[in-house]
Amino acid sequence: MPELIFDASRPGRPSPSYTHSFPASTPEGASDPLDETIPRELRREAPPILPSVSELDVVRHFNGLSRMNMSVDSAMYPLGSCTMKYNPRIADEVASAPGFTRVHPLQEDADVQGCLEVMMLLQDALAELTGLDAVTLTPAAGAHGELMGLLIIRALLASRDESRHKVLVPDSAHGTNPASVSGAGWTTVTVPSGQDGCVDLDAFSSALDRDVAAIMLTVPNTHGLFEPALRTLADMAHANGSLVYWDGANMNALLGIASPGELGADLCHLNLHKTFATPHGGGGPGAGALCVSSELEPFLPVPRVIRDHDGFVRRLHGADLPFSIGRMRGFSGNFANLVRALSYILGLGKEGISRVGPDAMLSAAYMLRRLVSEAPAGTMSAPFGESCMHEFVVSLSGLKESRGVRALDVAKRLLDHGVHPPTVYFPLTVPEDLLLEPTETESLATMDAYADALLSVLSEAVSDPETVMSAPHSTAIGRLDETAAARNPIVREQF
Amino acid sequence: MLSALGMPDIEALISTRVPDSDRLAAEYALPAALPEADVASFLAALAERNLVVDQADDYLGAGCYNHYVPAVVRSVISDGSFSTAYTPYQPEVSQGTLTTAFEFQTMMSELTGCPVVNSSMYDGASSLAEAMFMAVRQTGRKQVMVCDGLHPEYLETLRTYALPHGISLDPSNATGTSGAALEPAAFILQSPDFFGRIHDIGAARERASGYGALLVVASDPISMALLQAPGSAGADIVAGDGGSLGLSRSFGGPSFGYLACSQALMRQMPGRICGRAGDASGRIGYVFTLQAREQHIRRERASSNICSNHQLAALGATVYMSALGADGMRDVAESSARAAAYLLQAIEARTPWRRAFKAPFFREFAIRLPGASAPDIARVTAVMRQNGILCGIPLARLGVSGLDDSLLVSVTEVHPRESLDRYVDSLAAATSACGYLPDGGER
């Protein structure tokens, strides 16, 4: 069992003093100023129970826990649509400059031109990459940007005295899409994918009525496919007075290949922790960016960062932005991650960025080819053929039918090979699916080793299904009973 | 790889996926790649273009505080095993992240006095918006009362989130509109509030109960080491920003939001929640639990669209709380409170400035220069700034009405007495240098 830091507590263990204490009594012998300012009845009765440990205890404890984590730094981690690419170390270093870390968000613009310049440069670069006109760096995550985008659409429609209530979302969409639609007070209309894994145009057309505020597309979609009818879908939506929102989670496939703005997108959010290599952090903090067309620019949230004619960068607030949807968070954005994303773009430059999409595609196509051609007969199928962009979907339905071994079991057995499994059971459109995205930063050797591991698990699933179904065998802990955990949730330690 | 695919070059591969007509119209207008050394120097130069004063001369707060950041915090969160891991979708190889999430939830539960805490949100403002939604869902009511003193950015954020759902946000001293009885889902109280004032949570609890409403308290985790735990004092939901717990300010982000609630509200809680679980051999481990609340399962019926949270920032806070412990955190809180009290007493004794409010306060206070205008305040702060002191935030700049003559000043454990004395001397000199003639008075 991983020990909790509390298990190392020893009462009375002195905690290091990181700063001087402000003395309770003054040299003049006056009373404790605290007694005047904070009456006893407003104070805590009992202290909180927190660890009582030395700094060495802290370091050893978290060091031990870190060794129980798999990470991009330790192994290939090809989660589909997560873009687990290498995070260059320089990013942390540049973000750690005291000139960035010590700055307060409410200092005057003249005193934070360095920070505002970072944001302006990043905004400009992302506008260039998306082919859109204006950018906000306020979203804390992709989903935050989705809701923001939908609220912007709502505001645009309101400015036209229009009130629409529905958003079309493909069945392959990430769960945040319909959840964001609900956050905007609207109703999701799910549009089925055809056998080819792309939006069914007839179904789309029937669903597109005057009550549709927007369509949300992920490009390429979560099947890893570049929809051939993107311009058609956008034209149909626009003719209907609906806006076109692109979920940019899969932007890694498009860098150097295609541009949202050129293909009809009115808005596109980006996940800086995916495409732009800021660390995933075990579940954030990431950062989002929302890029919009000039028509939507007036509705962007507060604050906006713009450049004056003389080069001075300033923030605009509510009074300057009469049509803004307002604020969706405190301050200006997840700034430290904006520095990291900018350092990534500067380091790759035009040539490097333009190669990301093609290299990511090549890696995915190669791995799919290896799996399709070498998987034991009847175990794995590629429901959409071999036309993937940066990620692909394979189904293990055949394996489940023949041997009873599920995608989950294969994922768990992969852990014993020291690699992280692909995404399982997403998208929801394909049964027993794996969604695999190698990214452009894995070497041929690593990808071959991963393919070898996956293929050997498939073979093992045929010859020795029990071993696969009871995996993992070599990890610190086995499969945890999540059902029991949810039935009787224990969400903190009791003392 | 290309030969394995039977492709002569990468262009051929791309053309099998993407129609030529959909390809980029032109090359990107981006600069050429910079080697790492140049990236480093370019960004270092930008960092130099920001004004940073000595830590002990920085008195800016307003929701982003100048506490000391222990080196051990950055050391742990820089570990690639934590920072380059993903959300724990395979718990067997994510016990590092999951265990720290459980520890975080435990520590925040202790601080807030609420039994249930999730594994983090984006920031204080958006976390409070989610708390508002919890109360609306739980009660089925669409009115929310907002007590005086809520951070203006938090209030603006609540408005943006509330608008599509027809939730009304009304000031809490409202007695009702058009004779209709008030039926609020919740009272939202920030304590310590935007001006540093400490409120009586028990009294707010009684008031809310009188209306059958929930009590939502927005608070700061450092304050909770000294002041009454909001959950213990009767709050149903406690939300706020965790940046004070050992995270660098970094121009406002990323910090993290925290969200805590009573046992009864657990299933209304959005976001990721870590729980204890066992494996087949009886070993104990941790998993994200109650996932059926979340977007990846409930999609349009999820209580929130939140997916990625701010896990690494929560880890930083966990390291901070572990390294300091209850004693260390109380010391930080007491030192902050004493230093703030000392500074305010000295300001009133030796300058024309006066406290804007009489209430008990923690780590922050508003001072006013009676009869001064916003430009007067700006002039004084500019002189202080030239002397290397960021003396506070003029409330006129934050659009807080009726306080054009006031400055918001935050004092923490990083301000020793000598710095505070220097502040007062400088403030007195700057005020008279700006030609101000005192007129006394206290609100």
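Helix α5(B) is mostly covered, with 18 of its 18 residues buried. Buried means under 20% relative accessible area, with a 1.4 Å probe and protein chains only. Helices (H or I, at least four residues) and strands (E, at least two) are DSSP runs, numbered from the N terminus. This is a predicted model: local features need pLDDT of at least 70, side-chain atom pairs count only at pLDDT 80 or more, and totals for chains, interfaces and linings use all residues. Residues are numbered from 1 along each chain as its sequence is written, chains are lettered from A and ligands numbered from 1 in the order in which they are written, and side-chain values use heavy atoms, without hydrogens and water.

α5(B) covers residues 95–112. At 1.5 Å a residue, its 18 residues should span 26 Å, and the end C-alpha atoms are 25 Å apart, which agrees. The expected span is 1.5 Å times one less than the number of residues. Just after α5(B), B:G113 takes a positive phi of about 80 degrees.

**A buried strand in chain A**

How many residues of strand β2 of chain A are buried? Five of the five, residues 166–170, so the strand is largely enclosed by the rest of the structure. Both faces are covered. A:K166, A:L168 and A:P170 lie on one side, A:V167 and A:V169 on the other.

β2(A) has parallel partners. Two strands pair if DSSP finds at least two bridges between them. Five bridges join β2(A) to β3(A), residues 187–191. Here A:K166 has A:T187 as its bridge partner. Three bridges join β2(A) to β4(A), residues 212–218. There A:V167 is the bridge partner of A:A214.

**Two pockets**

A pocket is an open set of points on a 1 Å grid over the protein atoms alone, where a 1.4 Å probe fits, with protein on both sides within 12 Å along at least five of seven lines; lining residues have an atom within 4 Å of a point.

The largest pocket has a volume of about 960 Å³. It is lined by 44 residues, and those nearest its centre are A:T423, A:V424, B:Y89, B:Q291 and B:H296. Elements of chain A and chain B give two or more residues to this lining, including α12(A) and β9(B).

The second largest pocket holds about 520 Å³. Closest to its centre, among 22 lining residues, are B:C147, B:D148, B:G149, B:L150 and B:L155. α7(B) gives the most to this lining, with four residues.

Most residues other than glycine have a negative phi, and most peptide bonds are trans.

A:P220 sits in the loop between β4 and α9 of chain A. A:P427 is in the loop between β11 and β12 of chain A, and A:E432 lies in the loop between β11 and β12 too. A:E432 is buried, at 9% relative accessible area. B:F251, in the loop between β6 and β7 of chain B, is buried at 0%.

Terms used: Buried < 20%, exposed > 50% of the residue type's maximum accessible area, 1.4 Å probe, protein only. Points joined across faces, edges and corners; volume = space filled by probe spheres on them.
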